[in-house]
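Please open the structure in your viewer and keep the selection tool at hand.

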Amino acid sequence: MGYSFANVKTALPGPKAKALLEKRQTYVPKGVSNGIPTFIDHASGALLTDVDGNTFIDFAGAIGTINVGHCNPDVVAALHDQIDKYIHPGFNVMMYDSYIELAERLSKLAPGDHDKQAIFFNSGAEAVENAVKIARKYTKRQGVVVFSRGYHGRTLMTMTMTSKVRPYKFEFGPFAPEVYKAPYPYEYRRPEGMSQEAYDDYVLNEFKTFLVGDVAPETIAAVVMEPVQGEGGFIVPSKKFVQGVAQLCKEHGIVFVADEIQTGFCRTGKYFAIEHFDVVPDLITVSKSMAAGVPISGVIGRKEIMNVANPGELGGTYSGCPLGCRSGLAVLETIEKHGLNERGAAIGQKVMERFHQFKEKFDVVGDVRGLGAMCAIEFVKDRTTKEPNKEIVSAIIQEANSRGLILLSAGLFSNVIRVLMPLVITDEQLEEGLTILEESIVAQTASLQPK
Ligand SMILES: Cc1ncc(COP(=O)(O)O)c(C=O)c1O
């Protein structure tokens, strides 16, 4: 179609991908879903090339994992160096310095000037599980509070903490006890006629009522909040709400956990999204972009809380593996070297400019929103009723795929398109990706009449 970077030469899947897809269907259960029906051959920066030689601009970044880019040269060099030395002694068998160094660097980077520590695991869900364990051990309480539309993972505890019944929870119960779900603001869907300010007060009051009606604060170990909801649809809460909840946690001795697994490492233009809200969390969970695709996660937080669990009570065979630690250190170097926080903010600005234009042009666009480069478009069938339009989102994503752009949906009703492109994307690649997105909306929207 004459693009400079995106180049899809075959139907999707192409012939080689088709053969692999048939095997995949035979040998891999359908329970693990796949967005685009093809297989990768290689990747670099913000571009992915599949086995049939089709090249795609990546606006998904492995669901927010590749902020520093695919095969980032610093990360690749660190991994090669590590593999030649040792792969895995097991931190609880023989320690290695990269674990300590990463813990030190992340402890210093996390908000707050109090003493901090960090501990590492494998996946985001495992980090959240362990933040809960740590908070319970410290407070000697059991209750865990999360928020409606939140996402924290697929293990028993984190699935319990997660919203969106299908596909995450349906027929997978019973769930873990002592998990309570509180309301979270959703500005776009605030009651008709209510001002932003009144709505902020309303939701915070609802949270206070929740502490009376649903669970007693003195039984709550942790409140776990995404500073911007990821899977829930890139919903940005008000500063007032986040600060209000953090303050209530402080008053009641509750550990306030910021789940930064999707929001962290420059996505919002800061190391941690919670910094936008001027709140210092007690614990932070991290994963995804912390190591550019190597499975590692962590909990960072107040030493007095982190250090309460006794030897052997936390950890796991692969927890904080050397490849993850080395990659994590290389990621931090890259962020500094390339000013990726500033780049995240600049990308966000460009994306939001285009998204606002889309809102002007296309009636199906109900809302555009974001924080830094964590930006999304919510599609509706009708701007007055705001009825979610899942069908158009899935059609636009398929159309974009066929033109060489990888996109992700989000939201309880799967009616949101979110972007999580690598922050090393060039201006030209970003422009081309946004143009493909616009062309895909045009192609898939019958009623699209520029106003
Ligand atoms: C906010 C948040 N928490 C936790 C998780 C779970 O991470 P993982 O898939 O690595 O278990 C995710 C994954 O998308 C997430 O976005």
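Begin with the second largest pocket of this predicted model, whose volume is about 550 Å³. Select its lining, which consists of 22 residues. Phe 91, Tyr 99, Ala 118, Ile 119 and Leu 314 are the lining residues that lie nearest the centre of the pocket.

Next, colour the lining of this pocket by residue class. There are 11 nonpolar residues, nine polar residues and two charged residues.

Which helix gives the most to the lining of the second largest pocket? Select helix H4, residues 97-109; H4 contributes five residues to the lining, the highest contribution.

Now follow strand S4, residues 116-121, to its neighbour S10. The two strands pair in the antiparallel sense, with six bridges between them. For one point of contact, select Ile 119 together with Val 299, its bridge partner in S10.

Select strand S10 itself, residues 297-302. Is this strand mostly covered or mostly uncovered? S10 is mostly covered, with five of its six residues buried.

Finally, select strand S9, residues 283-286. S9 also pairs with S10 in the antiparallel sense, here over four bridges. To inspect this pairing, display Val 286 and Gly 298: Val 286 stands opposite Gly 298, which belongs to S10. With S4, S10 and S9 displayed together, both antiparallel pairings of S10 described here can be viewed, the one with S4 and the one with S9.

Notes: Residues are numbered from 1 along each chain as its sequence is written. This is a predicted model: local features need pLDDT of at least 70, side-chain atom pairs count only at pLDDT 80 or more; totals for chains, interfaces and linings use all residues. Side-chain values use heavy atoms; hydrogens and water are left out. Buried means under 20% relative accessible area, exposed over 50%, partly exposed in between (1.4 Å probe, protein chains only). Two strands pair if DSSP finds at least two bridges between them. On a 1 Å grid over the protein atoms alone, a cavity is a set of points where a 1.4 Å probe fits but cannot get out, and a pocket is an open set with protein on both sides within 12 Å along at least five of seven lines; lining residues have an atom within 4 Å of a point. Grid points are joined across faces, edges and corners, and a volume is the space filled by probe spheres set on the points. Ala, Val, Leu, Ile, Met, Phe, Trp, Tyr, Cys and Pro count as nonpolar, Asp, Glu, Lys and Arg as charged, and the others, Gly among them, as polar.
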